[in-house]
Amino acid sequence: MNEDIITLAIETSCDETSCAVLRNGREVLSNIISSQIEIHKKFGGVVPEVASRKHIENINIIIQQALDEAGVSFKDVDLVGVTQGPGLVGALLVGISSAKAIAYGLNKPLIGVNHIEGHVCANYIEFKDLQPPFTCLIVSGGHTYLVQVEGYTKYEMVGRTRDDAAGEAFDKVARALGLSYPGGPIIDKLSKKGDAAAVDFPRVFLEADSYDFSFSGLKTAVLNYLNSAKQKGEDIVVEDVAASFQQAVIEVLVEKSIRLAKERKSDKIVMAGGVAANEGLRDLMEKRGREEGIRVYYPSRILCTDNAAMIGSAAYFNYIAGNISDLSLNVEPNLELK
Ligand code: KG4
Ligand code: ZN
């Protein structure tokens, strides 16, 4: 008897059309990602209606590619996982409709997955022995959470952003600096050539005991700095502004994560989401982790940003936990992590 569980997973929450095939939640047989970034770049951000249309054009092709690359066919699939939310409603609908049709046609279980949980699960793919509990920093374009992960499907939300998400702050500051979309990777690259101490931007820690974040004040500080330099006719060194801004973001992310891990006596900090690809953040978290005796984990770059493999991993763990959806599954653009 074959005890392996083959999961087909679909992710269409934003501007990546992605489909993956996994064996048992941690082994990726294929992970096809079709990015729409080049299309949205000219608008300076994701245009929801355009994203939905592109998902519709691509989804069947991407699903077939994922099956082909994994060397399986529909009849081998045991489980269908799909992002239910959070994300863009029209974009999510494309993935959900496809997943429902496949699950119904194959008469196999359907699992609606929380996209944020997917980001966390990317680490189970990368680190085959990683198990909860651990402290987790989730930093993406739309979300910034500090979470204590109690089990594979059990989360305690400890802190969140009160305004902009970390990735959103990177993207907005990049835009103000005249850089392209998405700005995070560009700022990351420029920062390496800049002086992080050049501009003293604020580190916003909020109340002493708070695990929440706030990045809109920092964004305003960067805008004010740029306007004032322009008015005075001073030269702006883009690399220095990028490095100083990035430093202000990552110091707060790292110190709050370390504080939570120490408070919970957790010897692991796991990072997830697009901003976890940031090299400055990775380096600083590892340095502080070493000082405090905490091991730091983060997925490889391709698993940090949106992809269906992470959704497949989350679908598997939810299936094991008995969290199975039915065909009434609907999109939840504002789905919370519980
Ligand atoms: O997780 P993700 O792919 O999509 C969401 O679920 O939002 O995250 C995308 C975000 C964007 O804001 C992008 O600028 C940021 O992740 N990002 C980075 C880096 N790579 C991607 N931010 C900072 N440094 C990076 N290297
Ligand atoms: Zn994401």
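Which helices each supply at least two residues of the shell around ligand 1? I looked this up in a predicted model, where local features need pLDDT of at least 70, side-chain atom pairs count only at pLDDT 80 or more, and totals for chains, interfaces and linings use all residues. Residues are numbered from 1 along each chain as its sequence is written, chains are lettered from A and ligands numbered from 1 in the order written, and side-chain values use heavy atoms, without hydrogens and water.

**Entry 1, the shell.** I found that helix 4 (115-126), helix 5 (166-176) and helix 6 (183-191) each supply at least two shell residues, helices being DSSP runs of H or I with at least four residues and strands runs of E with at least two, numbered from the N terminus. I noted 20 residues around ligand 1, the closest being His119, Gly141, Asp171, Asp188 and Asn278, where near requires a heavy atom within 4 Å.

I looked for pairs of N or O atoms within 3.5 Å. A polar side-chain atom of Asp188 lies 2.9 Å from a nitrogen atom of ligand 1, while an oxygen atom of ligand 1 is 3.1 Å from a polar backbone atom of Asp306, and an oxygen atom of the ligand is 3.3 Å from a polar backbone atom of Gly142.

I recorded a cis peptide bond from Gly85 to Pro86, with omega near -10°, and Pro86 lies in the loop between strand 4 (79-85) and helix 3 (89-106). The peptide bond from Pro132 to Pro133 is also cis, with omega near 5°, and I placed Pro133 in the loop between helix 4 and strand 6 (134-139).

Technical notes: Polar contact = N/O pair within 3.5 Å; in protein donor to acceptor, adjacent residues only side chain to side chain.
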